[in-house]
Amino acid sequence: MNSPSQLLVMKFGGTSMGTAERIKVAARLTAEQHAKRPVAIVVSAMSKVTDLLLDTMRKAEAGDEAGVDKNLETLREKHLACCQELLPAGFQESTIDGVNGLVAEFERVVRGMMLLGERPLSSVDRAVAIGERLSALMIAAYLESQEVKASAVNAATVIATDAVFGNATPLMEETRKRATEVLGPLFAQNVIPVVTGFNASTLDGRPTTLGRGGSDFSASI
């Protein structure tokens, strides 16, 4: 394998993750570069998904249960339809299970907000990261289906930040340590890390986000 010093980090935004066809293009570009050197990719949520997640949380805070239910169904169906179009039959079941699990995780946080009648910033950060985690799951599964080794990585396990929820600042020394521990073994096995953009966690493991444009920032880090 080539030296890790040649590492290429590729960032794919919401438009590049927006449809099954676009995800295939992003995966092909990734695979082409991976044939030449170590590659990590950073992905955003599918186009419009972050807005959908934020709208769902606003509806939960306002007690709009019908609106929350409708948005959850939209979120689930968008990603399930993408999986069915994107993946060969043998790779669909486990990925669809993963999608359903992440949507259920988002739903638990949102139902909690509805009970509280408010949106704590720490809960918003936990919930809004689901969009990127869904994207990472799908493109990693597609790369695997094309016989390119890839693994979805939640950036909360890689990027350490302070506890300013909604606009956290990275702590680079701890981040370097985490990146070595989490990403190092993947590079050693010639696996492409598919890292979620935008999200991170505090030193004690509470989810944070890096603010608007955070996925670009994630790739730079």
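The model is predicted, so local features are reported only at pLDDT of at least 70 and side-chain atom pairs only at pLDDT 80 or more, while totals for chains, interfaces and linings use all residues. Residues are numbered from 1 along each chain as its sequence is written, and side-chain values use heavy atoms, with hydrogens and water left out.

Helices (H or I, at least four residues) and strands (E, at least two) are DSSP runs numbered from the N terminus, and two strands count as paired if DSSP finds at least two bridges between them. Three strands form an open sheet of mixed pairing, in the order S4-S6-S7. The edges are held by S4 and S7, each of which has a single partner strand, so one side of each is left without a neighbour in the sheet. Strands S4 (residues 160-161) and S6 (residues 199-202) run parallel and are joined by two bridges. Ala160 has Ser201 in S6 as its bridge partner, and Thr161 stands opposite Thr202 in S6. S6 and S7 form a hairpin with four residues between them, and Gly205 in the turn has a positive phi of about 90°. In general, strands of a sheet pair through backbone hydrogen bonds, either parallel or antiparallel.

The interior can be described through nonpolar cores, sets of buried Ala, Val, Leu, Ile, Met, Phe, Trp, Tyr and Cys residues joined through side-chain atoms within 4.5 Å. Buried means under 20% relative accessible area, exposed means over 50%, and partly exposed lies in between (1.4 Å probe, protein chains only). The largest nonpolar core has 51 residues, and those with the most contacts inside it are Ile41, Met57, Phe106, Ile139 and Val194. Apart from it lies another core, of 13 residues, among them Ala155, Ile159, Leu186 and Ala200. With contact taken as heavy atoms within 4.5 Å, Ile139 touches Met17, Ile23, Ala26, Ala27, Ile41, Val43 and Val194, not counting residues up to four places away in sequence.

Ser44 is placed in the loop between strand S2 (39-43) and helix H2 (49-61), and has a relative accessible area of 10%, so it counts as buried. Beyond its neighbours within four places in sequence, its contacts include Lys11, Glu132 and Ser215. Glu132, in helix H6 (residues 130-145), is buried at 3% relative accessibility.

Helix H3 (residues 65-86) has 22 residues and reaches 32 Å from its first C-alpha to its last, close to the 32 Å expected, where the expected span is 1.5 Å times one less than the number of residues. Its buried residues include Gly67, Asn71, Leu75, His79, Cys82 and Cys83, and the buried residues of H3 pack against helix H1 (20-34), H2, helix H4 (89-116) and H6. A disulfide requires two cysteine sulfur atoms within 2.5 Å, and the count by this rule is zero. The sulfur of Cys82 lies 6.2 Å from the closest cysteine sulfur, that of Cys83, which is too far for a bond. Cys82 is buried at a relative accessible area of 5%, and Cys83 is buried at 0%.

Finally, the whole structure holds 14 salt bridges, each defined by a side-chain nitrogen of Lys or Arg within 4 Å of a carboxyl oxygen of Asp or Glu. Asp216 pairs with Lys11, with the closest N and O atoms 2.6 Å apart. Asp216 lies in helix H8 (residues 214-220) and Lys11 in strand S1 (residues 8-12), so the pair ties together parts that are 205 residues apart in sequence. Asp216 is partly exposed at 44% relative accessibility, as is Lys11 at 30%. Within helix H1, Arg28 and Glu32 lie four residues apart, about one turn of the helix, and form a salt bridge with the closest N and O atoms 3.8 Å apart. Glu65 bridges to Arg111 at 4.0 Å between the closest N and O atoms. That pair links distant parts of the chain, with Glu65 in helix H3 and Arg111 in helix H4, 46 residues apart. Salt bridges that share partners join Glu65, Asp69, Glu73, Arg76, Glu107 and Arg111 into one network.
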